[in-house]
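Welcome! Here is a short tour for anyone meeting this structure for the first time. Please take a look at it below, and then read on.

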Amino acid sequence: MQNHKKNDQNRNEAPKTEAPKTEAEEHRDERIEKTGQLTLSDEVSGKKIHLLTIIGEIEGHENLSGNSKTTKYEHILPQLAAIEDSEEIGGVLVLLNTMGGDVEAGLAIAEMLASLSKPTVSLVLGGSHSIGVPIAVSCKYSFIVPTGTMVIHPVRMNGMVIGVPQTFEYFKLIQDRITGFVCRHCKISRQKLEDLMMETGFLTKDVGSILVGEEAVNTGIIDEVGGIDRAIGKLREMIGDDQVQ
């Protein structure tokens, strides 16, 4: 009798096997793992929302170490072109947690996002530093979580620099491109942005500023403090307004 009870108990305690994933779910998981991108369904508008992540270091023309978390711009640019051409996708949500990276690649991503005709919303999570700042402001509306940070500093020069006037003029040109883009796509003035870049009291061994959450909103760089719920809600609202028009 006791043996029967033990057998019944063992059967009851046997681990439950999860239902096998559908082909669509497997494809979704594989897509997230490889590219950090996902398409969400918006039942209200009938349109889809494309989720784009800018994570780690933005990789440019050279491959970074295999141990680094990177965002490859050659993956992002074709995807953004496909989004612009798609009738199913109604808007784009960009999640940022980046330390910055290649200037040219970062500006290319920012310009593509800014030129999309569809509604776009960005959300700064851990941080959006350096060249991540233009990407954050390139969307039509931007959010930052209360603990999110933005590091604003001049273009850094790595390695040996040839000490001729043309070199400094070239770096000034790059800096002017970044500053001009940021000021065109948010509410901060050029003078205020340049003051933040050249601040000496924030970074111990460098010049620049660190803005946390509400500070980024108060300076006019980011539109609003909020999380994923506010960001998706705002994007759905923008998609609805876009359809009405």
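## A first look

About 14400 Å² of accessible surface belongs to the protein chain, and carbon and sulfur atoms account for 52% of that surface. Please keep in mind that this is a predicted model.

**The chain as a whole**

- You can count nine helices and nine strands in the protein chain.
- The protein chain has 245 residues, and 41% of them are buried.
- Take the contacts in the protein chain between residues at least 6 apart in sequence: 65% of these join residues at least 24 apart.

**Two helices side by side**

- Helix α3 covers residues 73–85 and helix α4 covers residues 103–115; their axes come within 10 Å and cross at roughly 10°.
- Angles under 35 degrees count as roughly parallel, so α3 and α4 are roughly parallel to each other.
- On the α3 side, the contact is made by Tyr73, Ile76, Leu77, Leu80 and Ala81.
- On the α4 side, the residues making the contact are Ala105, Ala108, Ile109, Met112 and Leu113.
- What kinds of residues make up the contact of α3 with α4: nonpolar, polar or charged? Ten are nonpolar, while none is polar and none is charged.

**Cysteines without a disulfide**

- A search for disulfides through the whole structure finds zero.
- Cys183 is in no disulfide, and the nearest cysteine sulfur to its own is that of Cys186, 6.2 Å away.
- Cys183 has a relative accessible area of 19%, and Cys186 has a relative accessibility of 16%. Buried means under 20%, so Cys183 counts as buried, and so does Cys186.

**A proline in a loop**

- Pro146 sits in the loop between β6 (141–144) and β7 (149–152).
- Is Pro146 buried or exposed? The relative accessible area of Pro146 is 56%, and exposed means over 50%, so Pro146 is exposed.
- Leaving aside residues up to four places away in sequence, Pro146 touches Val212, Gly213 and Val225.
- Pro146 and Gly226 are 80 residues apart in sequence, yet 7.1 Å apart in space from C-alpha to C-alpha.

Methods:
Residues are numbered from 1 along each chain as its sequence is written. This is a predicted model: local features need pLDDT of at least 70, side-chain atom pairs count only at pLDDT 80 or more; totals for chains, interfaces and linings use all residues. Side-chain values use heavy atoms; hydrogens and water are left out. Helices (H or I, at least four residues) and strands (E, at least two) are DSSP runs, numbered from the N terminus. Buried means under 20% relative accessible area, exposed over 50%, partly exposed in between (1.4 Å probe, protein chains only). Contact means heavy atoms within 4.5 Å. A disulfide is a pair of cysteine sulfur atoms within 2.5 Å. Accessible areas come from the Shrake-Rupley method with a 1.4 Å probe; for residues, only the protein chains shown count as cover. Axes are lines fitted to C-alpha atoms, for helices over the stretch in contact, and angles run from 0 to 180 degrees between N-to-C directions. Angles under 35 degrees count as roughly parallel, over 145 as roughly antiparallel, 65 to 115 as roughly perpendicular and the rest as oblique. Ala, Val, Leu, Ile, Met, Phe, Trp, Tyr, Cys and Pro count as nonpolar, Asp, Glu, Lys and Arg as charged, and the others, Gly among them, as polar.
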